Amino acid sequence: MQAIILKVAIAALTVFSASVAGAENETHASAFLQSLFNRARIEAPRIQAAAGQTLIAHPSLLQRWGVISADAAAAYNDWTNTLVLQPEMTITTEREGTRIRTLEEMALSTGTAANVNATTVFHELSHAEWDFFVEEGATSADRALLNEMEQTLRPLLKSSAVPFYNQHLAESEVFAYYREDLIGQILQDASEILLGSGLDPKDLSCVRTRHPGKLRDLMPDPRDYAIRARVDTAWVQGKDIDLTQDQDLHRRLNDALYEHSLETLRFPSSRTALFQILEQDQRVMSALLDCAVQPPI
Ligand SMILES: [Zn+2]
């Protein structure tokens, strides 16, 4: 009964309504997702679709209801389809209502923590994708992942003594943690390449007086993100689950998550590929040229 009352109470918070933006298929996540594309050519069409069915709320309200713990930076409530995000991760305008901030807007509100906040948001949005697509077995890629999780994650959870009623939750968490790591690696690489080239990632302004005048990568890495992105632990209901206890299962689980990401997201395959994409980016290249001709201070 309490559950029903709460659901109604949250739904009644129309100020946090999801689909307030202008265009028909715009959601509270559209501007954020567009900024991921602009920064690093990351595309997540299914997150866009799932986001349209979710609401945004700020923690203070839900904490009072006891839905999330007071120290959580963000959460997804799959029962009310509500993304609970810190106020600095969202922005409210008269025209758009409350939406997720873009990467650039997060940099203004949270400085260097912007990438961390962006990956946290991506984690929570991934829970929505899990809920609406993966768990439903919407495509053959989803069904393949569920099947592979059954064979790899379930035994790992069992040996970690995760109670049966939390196993379901653990699947969604592992999925979200993997997505968080993958997107985090790509965003971090983009920031490092831009900074190494003398550009501030948040607005492409010049950060040094002497500029190379071209894009450069001080730490090139040709390895595929399939190797670099990893979920090693998952935090489920206050418990840390070590997924590395069986190396073979851990590897198979991560391989399956990567395969699934290839089918459901679009993103550069490696830091080298990302570098080449940035080199083709008109905004980046003209910013570099502008900086190169600026007189030293
Ligand atoms: Zn989570």
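User: Axes are lines fitted to C-alpha atoms, for helices over the stretch in contact, and angles run from 0 to 180 degrees between N-to-C directions. At what angle do the axes of helix α7 and helix α8 cross?

Analyst: This is a predicted model, in which local features need pLDDT of at least 70, side-chain atom pairs count only at pLDDT 80 or more, and totals for chains, interfaces and linings use all residues. Residues are numbered from 1 along each chain as its sequence is written. Helices (H or I, at least four residues) and strands (E, at least two) are DSSP runs numbered from the N terminus. The axes of α7 (residues 140–159) and α8 (residues 164–196) come within 11 Å, and their crossing angle is roughly 115°.

User: How are α7 and α8 described relative to each other?

Analyst: Angles under 35 degrees count as roughly parallel, over 145 as roughly antiparallel, 65 to 115 as roughly perpendicular and the rest as oblique. The two axes cross at roughly 115°. The pair α7 and α8 is therefore roughly perpendicular.

User: Which residues of α8 make the contact with α7?

Analyst: Two residues are in contact if their C-beta atoms, placed from the backbone, lie within 7 Å. On the α7 side the contact is made by M149, L153, R154 and L157. On the α8 side it is made by Q167, A170, E171 and V174.

User: How do α6 and α8 lie to each other, and at what distance are their axes?

Analyst: α6 and α8 pack at an angle of about 140°, which makes α6 oblique to α8. Residues of α6 that meet α8 include F122, H123 and W130, and α8 contributes residues including F175, Y177 and I183. The axes of α6 and α8 are apart by 8 Å.

User: Which strands are at the edges of the open sheet of three strands?

Analyst: The sheet has mixed pairing and the order β1-β3-β2, where two strands pair if DSSP finds at least two bridges between them. Its neighbouring strands are turned by 20° against each other on average, direction ignored. Those that pair on one side only are β1 (55–57) and β2 (74–77).

User: What is the bridge partner of A57 in β3?

Analyst: β1 and β3 (residues 82–85) run parallel and are joined by three bridges. A57 has as its bridge partner in β3 the residue V84.

User: Which helix lies across β2 and β3?

Analyst: The helix in question covers residues 114–134. It runs at about 5° to β2. That helix is α6.

User: Which residue in the turn between β6 and β7 has a positive phi?

Analyst: β6 (residues 233–236) pairs with β7 (residues 239–242) in the antiparallel sense over four bridges. The bridge partner of W235 in β7 is D240. A hairpin is formed with two residues between the strands, and the residue with a positive phi of about 50° is Q237.

User: Over which residues does pLDDT stay under 50?

Analyst: pLDDT is the predictor's confidence in each residue, from 0 to 100. The chain has a mean pLDDT of 87, with 86% of its residues at 70 or more. The model has 29 contacts beyond four places in sequence for the stretch under 50, which is residues 1–22.
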